[in-house]
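Please look over the sequence and the model shown here. The paragraphs after it go from the whole chain to single residues.

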Amino acid sequence: MSGRIPERPQFNAEETYQRKGSPFMGTSPIANLSSQAQATVAHPASLKPQSTSTQPGFGTGFRPSNPQNVRPISPSNRPTMSPQNQPGIPPMRPGPGMRPVRPGKPVIHMPNQPPHSRPQGSPRVLSPVSQNQQQYPQKQNFYPPHQGQQQQHPVSGYSAMTDPNPGYAPHQQNYSQLQQPPYNVGSPNASSTNVDSQNFSNIPQHGSKRRQYPAQAASVYSENIISSAPKPGNKKNLPKHTGEIKNITNDYNSAPFGIAGADLFVPGEYNPSIPAIPKNTTTSTGYPEITRQGSTGLQRYPSVQNYNETYPATQYGQQEAPVTNAVAPVDSMATQFGSMSFGSGNPNYQVNVLAGHPQIQELEAPPPPITLPAGIPCCPSETHLLPPIHKRSTLNAIPKTDKLLKKSKLPFGILLTPYFEQEGIPPPPTVNEIVRCRRCRSYINPYVTFIEGGRRWKCNLCELANDVPMFFDYDSIAQTTKNRWERAELLNSVVEFVAPADYMVRPPMPPVYFFIIDVSYPSIQLGLPEVIGNTILEILDKLPNDEGRTKVGFITVDSSLHFYSIRPEGSEPQMIVVADFDSVFIPSPTDLLVNLSECKEGIKSLLAKLGQMFSKSHVVGNAVGPALMAAQKILTPTGGKIILLQSSTPTIGEAALTPREETKILGTPQESDALKPQHNWYKNFAADCSRFQIAVDTIFFGHQPMDIQTIVCLSRYTGGSMFYYPTFMSTREPEVRKFKEEITKHLSARVGLEAVIRVRASRGLRLAAYYGHFFLRSLDLLALPFVTPNHSYAIDVEIEESLTGAVAYFQTALLHTACNGERRIRVSTLAIPTTENIHTIFHHADQVAIAALLAKKAVDRALVSKLQDARDAIKYKCLEIMSAFKTECTQSSSGAVTQIKVPRNLQLLPLLTLSILKHTSLRPGNTISFGNRIAAMASITVLSPEILITPCLVPRLYGLQLGADFESSILPVFPSAESLSYQGVFLLYDGHNIFLWLGRDANPELVHSLLGVDVNRSVPSGVISLPVLTSEEDGPNSPHILNKYVNQLVTALGIQTRGLWSPITYICKENGEPLLKTWMHQRLVLDRDPSLPSYQEFIGESRDKINRGSF
């Protein structure tokens, strides 16, 4: 303490020995050195370093020891340390000779930021500490000062020095020039030595390291054993480095890491210090951080692995690097040895995937941040980084060579949503002038470089120098200059160019919708014609019709074709029946496709009578093939969209199909062959439609066999969509409402017409394969007659040549016609840095993008090859990635391990792999029909990664209770049966369906507040319409407050999924219908089912296979 007179210094011979070449040297980024005159002084026993453990190790505590006899130090009588006097330390090994006396002993302040994360050239702080300092300061400055800045030590007041090599003794510097405050030894026996007379020839340089143990940690720079360590005491009272570190930017060559448990490690006596989290706190995704009050019995996010960090996101996807304040206890040993430089990995990003439940809330965290080198972009702005909702890569740090990519085993691809539309998010800015590269034809973007005084710009994809046009800086109409740094194409990564007439081969096509409606007997039994007529009648006013150019047409089909002639005079529509299918002809070419605005009254009259016209029909046949050919002939001059509404198998005319037996081959090897089309007629027809700018949407009703796997080729190769309603009946109100809402949302969307997509990449990268609903017109041109908003496409990327640049670029251009007739080009540019470090590649891999890409590739392989091949391929890839990380980035490169280590950003990859295997598209077993499997495959193919992963692959499970507000009433829990309680009520959401699970002894107050029913037995199992209950008393005391919160939750979930689905609600009782319970339990991805293991079993199997090296 201040003012205390130190005791007689004493010398301890155990503290003088240091071992050479130790990896412990250089682990501290900032060392506070005391160095002035080298006086031979002795240590008081009270200031001798102490340790709380009986074993040697690094720690902030100190070990008590007995004082030794005081004697002077000189090179001739240099004491040595015996292993008998220092238990746990091996005997000393020969050194390079007697080391000279060096300046006073430093006090090492361990900061939270390591040397690797300190910017190059930042000063290294060396501050002497007076002898009478007994405690560390309560608050430390964990960051070094800026270049050229001097730091005053809080005790001594001496200035800081700089050293570009942190963690090592300063070399190439005269030690006699270091200033040190005088130590008041107060003993006549103390001797001194002239510093200038010492020989410093044996002082170890930068590469000569010596091992540091607790007793010698402070004597690394000095042989004068002068300690300023605190008094021995309870180590629980020592300060913990648990403060939050902010504003850390990832360095791609070495990312920051901390010390396990935010404290130094003492072997054999480690109690992790995890920061306390306030109660009732939630993450940015809505998941609770801890157990809320009043919610007993629910196991909620997160598990015992508590990572107290957030992922702040700014506008247009700019993210800050995640910062870890605490490491899970199971990772403490590996983290400590990693910080001791035993490995070059980054222990902050490693987690143990075997401990507890997976951190499911991480699925909604932003991808690993993209940090570009200095000088990129040319004009920094808040919107120059491409938001991941438009395009995201599986790797946010691209390897420079193909060899390094193959070594990592990580898949390399991009997933793009070129026509992203979501309510509440503004469209991209519009640019009227187009500037393109002369060689690669890429568009100017924020990552180009201006050269020659701004007169030319260098393309960032092909590096060709192009002239800057005059209109870039000068407005010839207003005759004023422009500020080029305010141009939208230089500030935004996503822009929309207004294309001139050069980009058109014909006048802009109008929005055209042609409906083919099945009116055969199976359709009449479902009540389909009347429901379809009423639905289209409601949609008419919502179809895109900005300038009155929209056209519509109708054909009904059974064993004959029924055309409808509609005239603008307002007369009744006329039906024209064609039963000859040898050569399909158009009976009335002029009035079968009519203008919506001009013929609206006739169209409404037709749709109102559609249900009555065929109510007594018993015709079984279906001539869909001739109907499609007739619609193609009608739409060939203009292009448009065909909406096929089908409920039976085509059996008449061209393109007839033979119904295939399902029940006997489900779950057998023959199922894979049955998923392939019967013939190629529909695929060839789709290719012809794409050439004429015609897209096809396929909508299927009923559960009877329709050979959906063959007919769905129409939408797969024309950029259309598929909908499937297996339980549809007109008497079921929830089913009818679901169909109406989804079709209304789909057809009223602002689509793009006669579009093409081209993706360009930097030199050395090749786009190898494409996945999605489109027709591949050439090697790099995707043809889309209709661009459906939020449809996603995946691309495999290969590295042909070594990447020489520091950044790689991907630019997507979508040329389309807007609904108002304007020709536009939506351009998005993605910039990703390159690296030669395999650790950087792993730590910047995007697990959501990887899982989405693997799912799309697995579906494509299942349709081409076999289902089992697709399942084996995705499991093999997951094991291959984890094994490669174990081999390349951990100390357990060979040999068996008990815990699988993966980067934090890949910790959910095993869960996502298991979820893909349990999804309806790939789930083994004989309980999934062909229609359900094909519909699930179509969803995986077109969904964007954010929606595909959750809730489609990993459903959301919520526990419901009576709380004080929304957050305390709706609690996210793990999708596992362990979370369910016989007294509770739970809600499961997977996008298409909502399951309300009621325990056998569910709280009656909960059920009454949710459903308005007083007796649980009166609640029926099965499909219900979630009621909207109101009461006179509003607010938290309302008797139906839980019903209000649940309806708000369903609305919010619908917005997050961009309104793609209108889910059906099912009541699933614990003692209710077994089939409904089985269906719900199949969506609990963490649990085991008859065909696939649980999450923990899957992790165990993966660990055993990785240890054996056989996948």
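The model is predicted: local features need pLDDT of at least 70, side-chain atom pairs count only at pLDDT 80 or more, and totals for chains, interfaces and linings use all residues. Residues are numbered from 1 along each chain as its sequence is written, and side-chain values use heavy atoms, with hydrogens and water left out.

The protein chain contains 23 helices and 35 strands; these are DSSP runs, numbered from the N terminus, with helices (H or I) of at least four residues and strands (E) of at least two. Of its 1111 residues, 59% are buried. Buried means under 20% relative accessible area, exposed means over 50%, and partly exposed lies in between, using a 1.4 Å probe and protein chains only. Among contacts (heavy atoms within 4.5 Å) with a separation of 6 or more, 77% are between residues 24 or more positions apart. The accessible surface is about 44800 Å², and carbon and sulfur atoms hold 51% of that surface. Such areas come from the Shrake-Rupley method with a 1.4 Å probe, and for residues only the protein chains shown count as cover.

Strand E30 covers residues 956–960, and five of its five residues are buried. In a regular strand the side chains alternate between the two faces of the sheet. In E30, Arg956, Tyr958 and Leu960 are on one side and Leu957 and Gly959 on the other, and both faces are covered. E30 pairs with two strands, where pairing requires that DSSP finds at least two bridges. With strand E32 (residues 985–989) the pairing is antiparallel over five bridges, and Arg956 has Tyr989 as its bridge partner there. Strand E31 (residues 970–973) also runs antiparallel to E30, joined to it by four bridges; here Leu960 is bridged to Ile970.

Met575 sits in strand E17 (residues 574–578) and counts as partly exposed because its relative accessible area is 37%.

Asn1003 lies in the loop between strand E33 (993–998) and helix H20 (1004–1011), and it is partly exposed at 31% relative accessibility. Its side chain comes to 3.1 Å from the backbone nitrogen of Glu1005.

Some backbone details remain. The peptide bond from Ile376 to Pro377 is cis, with omega near 5°, and Pro377 belongs to the loop between strand E3 (350–352) and strand E4 (391–393). Another cis bond joins Thr950 and Pro951, with omega about 15°; Pro951 is in helix H18 (residues 945–953).

Arg441 and Glu754 are not glycines, yet their phi angles are positive, at about 65° for Arg441 and about 35° for Glu754. Arg441 is in the loop between strand E7 (430–431) and strand E8 (449–451) and is partly exposed at 37%. Glu754 is in strand E22 (residues 752–761) and counts as buried because its relative accessible area is 9%.

Methods: Polar contact = N/O pair within 3.5 Å; in protein donor to acceptor, adjacent residues only side chain to side chain.
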